[in-house]
Amino acid sequence: MMKRTLVLLLIIYTSSLLFADLSLTAIDKPNDDGSGIILNWQYSGEEIIELQLFRRHDGGHYNQVTTFTELSGKYTDTNEIEVGTEYDYKINAIANVESPKNPGTFNKLIIESAHAKATSKAQWFNTDKISVLIFGLILFVSIMWFIISARSGKDLYIRKIAGLESMNESVGRATEMGQPILFIPGTLDLDDMQTIAGLTILGKLAERAAEYDTELIVPVCRSMVLSTAKEIVKESYLKAGRPDAFNPDSVFYLTDDQFGFVAGVDGIIVREKPAANFFLGAFYAESLILAETGFASGAIQTAGTAMPSQLPFFVTACDYTLIGEELFAASAYLSKDPQQLGSLKGQDIGKAIFLFVLITGIIFEILGISWLKDFLTIH
Amino acid sequence: MKRTLPLILAMITGFIVLISDFIPHWPFGMITSEIEKWFLIISGFALILGQINLIKVNVNKIRFKAEGWQYFIITIASFAIMVLFGALWGTQSNVGLLGNGTKIVEVIGSKPFDYLFDNVYQHLQATMFSLLAFFIASAAYRAFIARTPESNLLLIAAILVMLGNTSLGSFLTGWLPENLDFLHLPNVSQFIMKYPTTAGQRAIMIGAGLGLIGSSLRIILGIERSYLGGN
Amino acid sequence: MAAKSIDRRWIYLFIFLGVAFPLIFVIGLPIEITENTQMAYDLIDNTPAGSHVLYSFDYDPASMPELHPMAKAMVRHSIEKKHKIIFTALWPMGVQMIDDIMEQLSTEYPDLVYGEDYVNLGFKVGGIVTIQAMGKNFRSVFPTDANGKKIDKLPIMNNIENYNNISYICSFSAGAPGIKEWVQIGNDVYKRPVTGGVTGVSAPSILPYVNEQKQLTGLLAGLKAAAEYEKLIGAPALATAGMDAQSLAHLIIIIFIVIGNINYWRNKKKKGDK
Amino acid sequence: MVDFFEVLGIWLGAFFTFAIFSFLYKDNPVYKVAEQIFVGLSAGYWFIYTIFNVMIPNLLTPLSNNFSANYILILPAILGIMMLMRLVPKAEWLSRFPIAILIATTAGISFLRFLKSDVIGQLNATMINPFAGANWVVIVGQILLVVGTITGVVYFYFSKKHEGAFGVTAKIGIYFLMVSFGAAFGYTAMARISLLIGRLQFLLGDWLHLIK
């Protein structure tokens, strides 16, 4: 009797092995610098505890990489993979198997394994980013095209931007009242383009302030912005022919802290009572604190930012607001430099093309065609 | 030379960064992240410029007895105290020049730097931030006036969302029958946030994105060079 | 500008009082229970007594006004249902948050025994990697509790190996790492129900996980949801008071907007009469 | 003694809270003191923070622990020192090099980042079939979403006069922007009032013990 059961168990055990099926594939991870290998595994058959993944190279020892409890899936091995080395992977399925000799006791056994090999490579072009490349090139070409055609003397139209028309009015008012102008180029560092756009406008404003001999106050909250802003203002005074009127202490640093900076600027607003405030650059929650304090002090206020979350507050609390793209268009608008205007025109062409793509995409979606959307999905 | 060389350098750097995004192969793949680290280091050095400027401007004000000059003594003193505390006994996770100041910690409960941070700095920060609760009210009172079609939309959207966000909304329209559920204020507010608001924000993002791309290109090409001083 | 506009300081005063008053004297304005809150409540309510549950505190003092009340309400519910609570934190300051809440609740529930009814495993760096590692074995990630005591010596951890022994995961999250990571590992990989709470600002990015696949079983978003939860467990507290304050402050703002418009139209009419 | 400092800490917190609030009434000496302490303290804080958390781990530690693997960090260090040349009038122009490199890097990184997330990403998200929705509310919403995004982008067109049909489209775009500003304003009110609640909970709870 005992023997029979044993034989039976053995048959069940071996047949279960026959039905158990484990597969493993390994391929180089595409579009990377050669630091990844993608593994796919699939297991079917009797119940197992886990799957163990091992790796070796150059015929060395197998080292365990990880374990899985899912029966199939995808895993990217990025564990110190060397480019050009061939890696040999092994996966073992581990199950609790009842010992044929001692029924009732279970042992963890490897019931199935599979092997796969792969060599990692580094790629020279990331094919996932082809849509970015195409869109980037469209913009690049259209902007370059109009810069070149503007250089050759083509006249370019630019619509009115109310927020910038106000600049002369503000400077004039400050001059009349004999009060200073306050300018804040945002609260982020030079690694944000909005700061740079704000500083560009500062240059134009400082020139006008120098012409009218109106005091300019520029508190900043980043050291590198301090250096750049100082240089810009100094140069503007030089250009206006009034280098002697430049006061190096008019551009100054307060603190890197967002609200510490605001506390300081609020103090300046209530005490120096600037006639015109300019907030142009990247702003966070401080936007409304600045704008409300400025309003209460009676200043005429112009703001501009590309932060969608802060625009509502500038729009409600300031007299003029440059919304998003208008901030970046400002330097072209103010300088009327043909090259800058050309680049603006190029952006507009890009916008038209993108809108066309968007509308096409929506029509395709309605028709149930999805390749355009898929193509534009960035991985 | 003092202007052209930096401009050429800017152009080369800009283009390398642009193309490196498409090339995973070494060394291009790591350029962006490496340079972001560099930015931190360079701005770390530059920080000294800010501190020196802060001290200089305030000392000047004290020296020339500018209006309210006494207050600027406080600025310099609190700056010095914070730097001194941080340098001598370190911060919560860093050791200072004099070690961890265990004896002081026994007396006041934490390191002096952290004590000031927790009990002064954090409160100042939180309170300054909370001023927004007041300013949002005064700005709303002043700006949300039905003058033009634009301001009407601003006003209506704001009020509907404000009502829908609090108990007021569910209180006012809670009685609506099921088939008019879409007029229930919390649902109206959700609808406004989800569709027209998203549309507006998207338009701003697309526009600003393009403007930013144009500016970036102007900088890389050297057309926009005011950041080097003047034009 | 308008001939007679209100001094802005009156607005400030009203806002200040409008927020302060309900904090001291809880009004308890009617609160409507939304589906997401109900789902989270049901999950905890239907979990049998004695089940082990995992709470992760993934926020710091900056988000306390919003997340602390909901954390307190949900933990209170779990205590009422006699669940065995294992606390962890993916944010370093989260440990303080746990201590603060348990300090308050253990005075209300004096029968609670540390190490038997609840345990604070403390903070571990690593975010998603930590969550993943806990899937294999809690002990490898947290050999000791927050006070350095070996967890094998704590009765609550007997036979608790990994997520398989946990009935649900609840995360209070102010950003990354947080509830999103718990969903990605705790639910997507280990199929445990995940619930929790987030700040109002981050809600839009987390809400999509409350879907048919139940990646999240309900979600408390912002103070309002916390007040709803307090109503469900019948213990109005911080969030209910906070919500009263919110409603009152919003009402004050709206009233001032109305006054502003009345003033504007009156002035306009006067000018028209002239 | 620790207890004393704990209580003192709470009183300090309460004092500075009121000092800042007092600004709402009008500028006053107490606010001025708080303001200057805030500016000085926070400038000092960030200085120490940068040294401990940026300079030491990113520059000094890698260079002193394993110089040969990290020698590339010498480059940003040199650029950083060039930045400091601003303090020397004669060598001031040297600081233009690090600034040029940083701004060009910013430009390059932003170009791609915004092209991906703010342009292509948003275009992609708007490519939906507006008529596929569970009920008519969703369909109306999706139509608004699509129309609003398109007309909103048209508003930002600079090189064409806003008149005729084009002008009408741009005008619709402005209407959408206004709705989004109003709604975002109203939505944020809640978060801002929460901040005040937090402050008052500190004052009424931790300080005055009026609430639990």
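This report walks through parts of a predicted model, chain by chain and contact by contact.

## Ground rules

Since the model is predicted, local features need pLDDT of at least 70 and side-chain atom pairs count only at pLDDT 80 or more, while totals for chains, interfaces and linings use all residues. Residues are numbered from 1 along each chain as its sequence is written, and chains are lettered from A and ligands numbered from 1 in the order in which they are written.

## Chain D on its own

Let's start with chain D, which has 7 helices and 0 strands. Helices (H or I, at least four residues) and strands (E, at least two) are DSSP runs, numbered from the N terminus. Reading along the sequence of chain D, you get α-α-α-α-α-α-α.

The C-alpha atoms of chain D fill a box of roughly 70 × 60 × 35 Å along the principal axes. The radius of gyration of chain D is 27 Å, whereas a compact globule of 212 residues would come in near 17 Å. That radius is taken over C-alpha atoms, and the globule rule is 2.2 Å times the number of residues to the power 0.38. Of the 212 residues in chain D, 50% are buried (20 or more other C-beta atoms lie within 10 Å of the residue's own, with C-beta atoms placed from the backbone). Take the contacts in chain D between residues at least 6 apart in sequence: 15% of them join residues at least 24 apart. Two residues are in contact if their C-beta atoms, placed from the backbone, lie within 7 Å.

## Chain D meets chain B

Here 103 residues from chain B touch 97 residues from chain D. On the chain B side, the elements giving two or more residues include helix 1 (4-20), helix 2 (28-63) and helix 9 (196-221) of chain B. By class, this side of chain B has 72 nonpolar, 24 polar and 7 charged residues. Ala, Val, Leu, Ile, Met, Phe, Trp, Tyr, Cys and Pro count as nonpolar, Asp, Glu, Lys and Arg as charged, and the others, Gly among them, as polar.

## Chain D meets chain A

The contact between chain A and chain D takes 52 residues from chain A and 44 residues from chain D. Helix 10 of chain A gives the most to the chain A side, with 13 residues. That side of chain A has 27 nonpolar, 13 polar and 12 charged residues.

## A sheet in chain A

Chain A holds an open sheet of 4 strands in the order 4-3-6-7, with antiparallel pairing. Two strands pair if DSSP finds at least two bridges between them. Strand 4 (63-68) and strand 7 (106-119) of chain A are the edge strands, each pairing on one side only.

Strand 6 (residues 86-98) and strand 7 of chain A run antiparallel and are joined by 13 bridges. A:Ile91 stands opposite A:Ala114 in strand 7 of chain A.

## Domains in chains B and C

Domain bounds come from an automatic or database domain assignment. For chain B, the assignment gives domain 1 (1-51) and domain 2 (67-131), with 34 Å between their centres, taken over C-alpha atoms.

Chain C is divided into domain 1 (1-28 + 238-274) and domain 2 (29-235). The centres of these domains of chain C are separated by 38 Å, taken over C-alpha atoms. Where they touch, 10 residues of domain 1 of chain C are in contact with 13 residues of domain 2 of chain C. The domain 1 side of that contact in chain C has 4 nonpolar, 5 polar and 1 charged residues.

Terms used
Buried ≥ 20, exposed ≤ 12 C-beta atoms within 10 Å, placed from the backbone.
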